[in-house]
Structure formats: C-alpha cells, structure tokens
Amino acid sequence: MATEAYREFRELLSRRAYQEAVRLAEMECVRQGGRSEFWLTQQAVALIQARQYRKALEVADQALALAPLNLYALLARADARRGAGEFEPALADYEEVTRRDDPKTTPRAAAGALECLAALKRWDRVLEMLPVWGERVPAWRWRVKALGGLGRRTEAIAACEEWLRASPDLPDALWQLTELEIARDGLDPVLDRLGRLAKIPSRPPIYREIYASLCRRAGRTDLAVKTYDKLAAAAPDPRVLRQQAFALAKGGEEARAIPMMEELLRLAPDDMYLHSAYGAACDRAGRLEPALRFYEELLRLFPEHKGLYGRIKRISRKLRPDPPE
C-alpha cells in the first residue's frame, strides 16, 4: 500500500514540481537513516524528470550499492544514462532488466532498449529483438522504423500499410507512412493527397493535423494557419495549439502566437523548442519587455527550472545592452 509520502511524491511529479519531489525524496531517505534504496530510487526518478541526468545517475548508483538486485533502481540508472547520451551503458542496463523477466519492469526496459538501439542506429538488432519481446513493445511501430532506418523503404511502407489495416487511422502509423511516402515521392504529391483526405468530414482530425504540418513544411503558411484554426475550434488540444502557434508566428501573426505560446509554456516550461520560438516572436514583435515580465512570472511558478534565469538574462541584455567601452 502506498504511503502518504509516496502519494505526495507522485502528485508533485504529476504537477511537474520536480525539485520539490527531489527534496521530498531526500527528506524521506534521511528519515530512514540515509540508506533507503526505495527513496534513493524515487529521488533519481524525479531528477530524471528534471533532466538532471548526471545527478540522477549518482543517486541511482547509491541505490544499487544498497540493493544490487533492485530492478527499479537499475531501470532508473538506465534512464539516467540514456538521458545523458550514454546509450551503450544504458542499453546494457536495460537488457539486464529484461533478462530478469519481471512483468512490471520488462516492458519499460524493452522500450528503453529499443530507444537506445535506435539512437545507435542498430536497426538489424531492433528487428532481431522484436520477436523476443513480443507484445511487451509496440512491435509494428518499431518494425516500420527499423525497416526505414535500413533503407528498406518499400518494405517499410508495406509494413506500415499492414499496420494501418490492423489499426485504421492510428496517428503514429499515419505520421510514419507520410514521412516514408515523402522520401519516396517528394513533398508535393503527398501534400496533395493529404489535402484531399483532410477534406473528408468523416476522417478523424489526425488527417487535418498532418496536412497542416505539411503545409507549414511546404511554406504554405496561410493554409496551415487556417487548418490549425479549424482543428483548434473543433477540439482544443495542447499539441495542436503548439503547432498552430508556430504556424501563426511563421506567418507574421505574432500578436496571436505570443499569448498562445505563453499559455503552452505554463503547461510545459521545459519545452526548449517552444522557448526558442517564443523568444524569436517577441523579438520580432518588439515585445521584449512583456517577455521579460512573463519569464519572471514563469520563474515564480517553476523555481526549479534554472534555465529560466538564462532566458531572463539574455532578454535583459537585449533591453539594456552594455555601453561600448
């Protein structure tokens, strides 16, 4: 049964209050004499969520020193290593977890191992391991990615089409098929085809979302904005709103894009791409003073996100550059 402290820890993670979660885990570990592999593992988990991978690795190692057979601590170390870009050691840890064949940790470890293999571009190994891990991983998704990575585009498209017959209109499969077809046929024919599909009212929104994305890629910003506007009006979705904001900014509609980006950053203060687009939009629109106030507000909401200090500093320098010597 979960303790009150653990329930509070999970709630902090759900709110993205990662540093608070780290502190809670540290305090609980100290309360247990500093030798709790459970709370050391939770501390590592929170540090990983905060993208403090090196520190997470240190803490996961401490947990494993106390309990070498703790699969959750081993999984945390693997996640920390992967986050730090140490794909080979991370892969070794993930594979060790899968060898233990624990029903709770093996699916997560197999998924992590596949991510490492993809980062290392070991596509043959991905195909080799899919039958081994069976239903514990999304096999169709990884089969298509591996075939595409190996340059076996015709097989990848055939596999993707079979995947869609089994799961019609599945967004992941549709995105992958779109990219494979662009690689084969070029952007314009695929854009035209998606445009026709997007106009069919009975088709789910994913077709319009992909079409809008391709419009952006093709430089047809007006069409992209109109499509995103329709999608947002039908069913607001942070993922779609994010793309809508990018399209608006690219189309010179910073006045609409900037408030949307601010709302999205309040939901995802660690979205680096969104930060970059927001800063550029504010710069173009001459709204650096409001941007500075926004970042100061965001820092009050998320004091654990230390990168916000750097953004505040950069904007302050633009507003008040150092005088020439």
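View 1. Helices (H or I, at least four residues) and strands (E, at least two) are DSSP runs, numbered from the N terminus. Along its principal axes, the C-alpha trace spans about 60 × 60 × 45 Å. Of the 325 residues, 45% are buried (under 20% relative accessible area, with exposed meaning over 50% and partly exposed in between, using a 1.4 Å probe and protein chains only). Contacts are heavy atoms within 4.5 Å; among those with a separation of 6 or more, 46% join residues 24 or more positions apart. The average pLDDT (the predictor's confidence in each residue, from 0 to 100) is 92, and 98% of the residues score at least 70.

**View 2. Helices α18 and α19, side by side.** Here you can follow α18 (residues 288-301) and α19 (residues 307-319), whose axes come within 10 Å and cross at roughly 160°. Axes are lines fitted to C-alpha atoms, for helices over the stretch in contact, and angles run from 0 to 180 degrees between N-to-C directions. The pair is therefore roughly antiparallel (over 145 degrees; under 35 is roughly parallel, 65 to 115 roughly perpendicular and the rest oblique). Look for Leu288, Tyr295 and Leu299 among the contact residues of α18, and for Leu308, Ile312 and Leu319 among those of α19. By class, this contact has 11 nonpolar, one polar and four charged residues (Ala, Val, Leu, Ile, Met, Phe, Trp, Tyr, Cys and Pro are nonpolar, Asp, Glu, Lys and Arg charged, and the others, Gly among them, polar).

**View 3. Val240 in helix α15.** The helix around Val240 covers residues 238-250. Val240 counts as buried because its relative accessibility is 5%. Leaving aside residues up to four places away in sequence, Val240 touches Glu209, Tyr228 and Leu231. Its C-alpha atom is 9.8 Å from that of Ala212, 28 residues apart along the chain. Among the elements of the chain, α15 has the lowest mean pLDDT, 87, while α5 (residues 71-83) has the highest, 97.

**View 4. Glu209 in helix α13.** Now meet a partner of Val240: Glu209 sits in α13, residues 205-217. With a relative accessibility of 6%, Glu209 counts as buried. Beyond residues up to four places away in sequence, Glu209 touches Trp175, Tyr228, Leu231, Arg239 and Val240.

**Notes.** Residues are numbered from 1 along each chain as its sequence is written, and side-chain values use heavy atoms, leaving out hydrogens and water. As this is a predicted model, local features need pLDDT of at least 70 and side-chain atom pairs count only at pLDDT 80 or more, while totals for chains, interfaces and linings use all residues.
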